[in-house]
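Subject: Structure handover

Hi,

I am passing this structure on to you. Please open it alongside this note.

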Amino acid sequence: MDNIKISSGRLEVELSRPGSFYSGSRFDWTGFITEIIFDKTHRFCADESRRPGYGSGGRGLCNEFGIHEPIGYDEARVGEYFPKLGVGLLKRYSEEPYNFYKPYEVSPFEFEVETRPDSVVFLAKPHACNGYAAQIRKEISVADNRMEVRYTLDNTGTKPIDTTEYLHNFVNPDGEGIGP
């Protein structure tokens, strides 16, 4: 089963299991929200690009750690791995600066998923790489007409983690364009 559905009755949220809908090197694989449906009528999520083959695979609500500076990238030599939080270990392929649009070879983290009718918990287990390791726990829950996303990042390695994080919102309510 690749999709997970949680519901409050009014709000239904569809999520993909880690690595099923999206298995790229950019976005966090935990809690990848592919659709939100309100009152069984209104749909909110859209693909990053309407043109096939364009974009980086985003859809709906998906987050990313270290868009410009993934931890350990500058320390890794060509051919070595560095961690991309929420994804796995990525292989550095050149001396060029990190570029989130370029695909990197991924050795995925181990993930656990626990589902309930109105919530789901994702756990990305730590995998040590050059002194870096972290565990991510992300819980997405729904109640009435609200969705809540809570997560923690626990540093389990020997080196400090200094990163950025954001949530992409690829939304297009009911397939209508945004305008006046």
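Predicted model: local features only at pLDDT ≥ 70, side-chain atom pairs only at ≥ 80, totals over all residues.

Fold first. The chain has 13 strands and zero helices. The order along the sequence is therefore simple to write, by the run definition used for strands: β-β-β-β-β-β-β-β-β-β-β-β-β.

Next, overall dimensions. The radius of gyration is 17 Å. A compact globule of 180 residues would come out near 16 Å, so the chain agrees with that expectation. Along the principal axes, the C-alpha atoms fill a box of roughly 50 × 35 × 30 Å.

Contacts come next. Take the pairs in the chain that are at least 6 residues apart in sequence: 52% of these contacts join residues at least 24 apart.

Then burial and surface. Of the chain's 180 residues, 41% count as buried.

How many cavities of 30 Å³ or more does the structure hold? There is one. The volume of the largest cavity is about 30 Å³. Its lining consists of these residues:

- Ile 71, Pro 83 and Leu 85 are among them.
- Phe 109 and His 127 also line the largest cavity.
- Ala 133, Ala 134 and Ile 161 are part of the lining too.

By class, seven lining residues are nonpolar and one is polar. None is charged.

Best wishes

Conventions:
Residues numbered from 1 in each chain as written. Heavy atoms only, no water. 1 Å grid on protein atoms, 1.4 Å probe; cavity = no way out; pocket = protein on both sides within 12 Å on 5 of 7 lines; lining within 4 Å. Points joined across faces, edges and corners; volume = space filled by probe spheres on them. Nonpolar A, V, L, I, M, F, W, Y, C, P; charged D, E, K, R; others polar. Helix = DSSP H or I, 4+ residues; strand = E, 2+ residues; numbered from the N terminus. Rg over C-alpha atoms; globule rule 2.2 N^0.38 Å. Buried < 20%, exposed > 50% of the residue type's maximum accessible area, 1.4 Å probe, protein only. Contact = heavy atoms within 4.5 Å.
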